[in-house]
Amino acid sequence: MQKTVSLTVNGKPVSATVEGRTLLVQLLREQLGLTGTHVGCDTSQCGACVVHVDGEAVKACTLLAVQADGHSVLTIEGVATGDTLHPMQEAFRNNHALQCGFCTPGMVMSALDLVKNNPNPTEREIREYLEGNLCRCTGYHNIVLAIAEGAAVMRGEPAPNVYGTAAE
Amino acid sequence: MYEFNYHQPTSLDEVARLLGANEEAKIVAGGMTLVPTLKFRLAKPSDLVDLVGISSLRGITDAGDALVIGAMTRHAEVERSPLVKQGIPALAALAHVIGDPAVRNRGTIGGSISNNDPAADYPAAVVGLGGTVQTTRREIAADNFFTGMFETALDRTEIVTAVRLPKPQAACYMKFKNPASRYAIVGVFVARTGGGVRVAVTGAGPCVFRVPEMEAALARSFTPDAIKDIAIPQDGLNSDIHASAEYRAHLVGVMARRAVAGCG
Ligand SMILES: Cc1cc2nc3c(=O)[nH]c(=O)nc-3n(C[C@H](O)[C@H](O)[C@H](O)COP(=O)(O)OP(=O)(O)OC[C@H]3O[C@@H](n4cnc5c(N)ncnc54)[C@H](O)[C@@H]3O)c2cc1C
Ligand code: FES
Ligand code: FES
């Protein structure tokens with residue numbers, strides 16, 4: 001079954017012809033060339049593919065492109081403003097919150113979803129929210145620090161040294 | 001993934017027509033179980049009938065002594081709902097520990113109970129609270145709805161429309177989760193209701209089950225100590241790389257005592 005879908009991606013209207021079985025992540029990566037959204041597993045568990053649909057974090061590998069028809073999708077490519085990184089991206093950079101960077105787009109999209117629901121999360125809340133985002137490099141410590149910093153900056157507070165530098 | 005036709009009907013009549021006309025058609029709700037199944041080519045439906053366009057299936061209403069939760073209500077909505085937090089806080093807490101936030105943003109209560117995964121969380125709440133499943137044809141008591149591993153009382157063209165859950169006097173769900181998948185290795189839902197105490201166990205066996213001995217003991221004395229000597233037979237319990245049947249049997253007792261203590 002071929003179907004033409006029309007959706008908003010990073011604020012711009014797009015149309016594409018997809019099959020029933022085309023995944024949203026395939027539409028984004030293979031048809032729209034937005035390769036910032038990654039695929040790290042085939043079991044819906046790793047979170048490398050997290051994007052926002054109508055403002056909510058979802059796994060783009062577990063959503064059909066036809067299910068996004070008429071909806072608004074935000075990917076990592078739409079997070080920065082021009083050359084200026086979003087405070088959450090800047091916080092990942094500041095805190096060395098990545099090594100290979102494969103999980104990072106999903107981490108940032110999940111972090112933004114968390115902050116939307118909970119602008120001032122505790123360390124525990126951050127760790128719990130990342131249950132669906134696997135990082136095979138960093139051990140999560142700096143990711144948690146980055147999200148706390150990104151959240152603080154988004155609340156309008158100066159970038160803090162949230163938990164100190166000692167290991168938790 | 002095999003190819004299929006995708007439909008997004010806007011009425012239950014149209015859903016019934018599509019399911020009737022296509023023997024190999026399947027319902028999709030949140031897709032959090034079905035899409036992974038399709039990706040592994042473990043199912044080959046000719047047609048997918050998406051329930052997302054049927055607005056009457058979504059939402060939570062307060063029916064006085066019970067909450068009625070539409071089949072398409074997402075886990076994240078149950079988790080955050082003020083009605084649920086007030087009427088059945090244990091249910092909001094249960095929804096909060098399903099999978100991860102992105103799964104909870106899509107997965108639905110109707111999909112979870114229709115799928116009846118042996119390790120799913122909602123079946124424990126629906127049986128533990130003595131709920132009723134409302135379908136396009138009838139009302140089915142929770143005790144008769146979950147019939148076996150991935151099996152329910154539903155006919156192929158019958159759709160869950162809502163779940164009615166009586167508000168308990170107190171309830172608590174305790175889950176020992178698989179750290180990788182977050183599904184329950186063992187989860188126990190304990191509820192004190194007007195009709196007595198109910199104890200429902202998920203994850204341990206092929207299908208959610210009640211523990212009548214614990215219910216009777218807790219009806220006499222609602223304390224963790226009242227059930228400390230009740231052993232769960234390991235016969236017929238699940239045994240896999242994550243946990244042996246013996247370990248699961250032990251966990252049922254531990255989780256049940258914690259749930260009783262958690263009822264406060
Ligand atoms: C990474 C991951 C972790 C998860 N962890 C957990 C967990 O910890 N605990 C847990 O309980 N679950 C867990 N799940 C499963 C999740 O809760 C699913 O959302 C749920 O099992 C199915 O709901 P769905 O709405 O996504 O249904 P779908 O996947 O759309 O459908 C599932 C099945 O039910 C049928 N169906 C759907 N709705 C209806 C209806 N209204 N009437 C009749 N039939 C219907 C479909 O035809 C299909 O066969 C996890 C899933 C993932 C991907
Ligand atoms: S690619 Fe792993 S969850 Fe989507
Ligand atoms: S930085 Fe390599 S997987 Fe997270």
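Colleague: Which residues come nearest to ligand 1 among the 34 around it?

Modeller: This is a predicted model, in which local features need pLDDT of at least 70 and side-chain atom pairs count only at pLDDT 80 or more, while totals for chains, interfaces and linings use all residues. Residues are numbered from 1 along each chain as its sequence is written, chains are lettered from A and ligands numbered from 1 in the order in which they are written, and side-chain values use heavy atoms, with hydrogens and water left out. Counting a residue as near if one of its heavy atoms lies within 4 Å of the molecule, the nearest of the 34 are B:I27, B:G31, B:L34, B:T108 and B:R182.

Colleague: Why is the site of ligand 1 described as shared, and which chains surround it?

Modeller: Within chain B, domain 1 (1-54) and domain 2 (170-262), with bounds from an automatic or database domain assignment, both contribute to the shell, so ligand 1 lies between them. The site is shared between chains because the residues surrounding ligand 1 come from chains A and B.

Colleague: How much of the accessible area of ligand 1 does the protein cover?

Modeller: Polar contacts here are pairs of N or O atoms within 3.5 Å. Oxygen atoms of ligand 1 lie 2.6 Å from a polar backbone atom of B:R182, 2.9 Å from a backbone N or O atom of B:T33 and 3.1 Å from a side-chain N or O atom of B:K175. Of the 970 Å² that ligand 1 has on its own (Shrake-Rupley method, 1.4 Å probe), the protein covers 95%.

Colleague: Which element supplies the largest share of the shell around ligand 1?

Modeller: Helices (H or I, at least four residues) and strands (E, at least two) are DSSP runs, numbered from the N terminus. In chain B, β2 (25-28) and α7 (109-115) each supply at least two residues of the shell. The largest share, five residues, comes from α7(B).

Colleague: Which strands of chain B are the edges of the open sheet of four strands?

Modeller: The order is β11-β12-β13-β14 with antiparallel pairing, where two strands pair if DSSP finds at least two bridges between them. Strands β12 (residues 184-193) and β13 (residues 196-202) of chain B are joined over seven bridges, and B:V188 has B:V201 as its bridge partner in β13(B). The strands that pair on one side only are β11 (170-177) and β14 (209-210) of chain B.

Key: A polar contact is a pair of N or O atoms within 3.5 Å; within protein, one must be able to donate a hydrogen and the other to accept it, and residues adjacent in sequence count only if both atoms are side-chain atoms.
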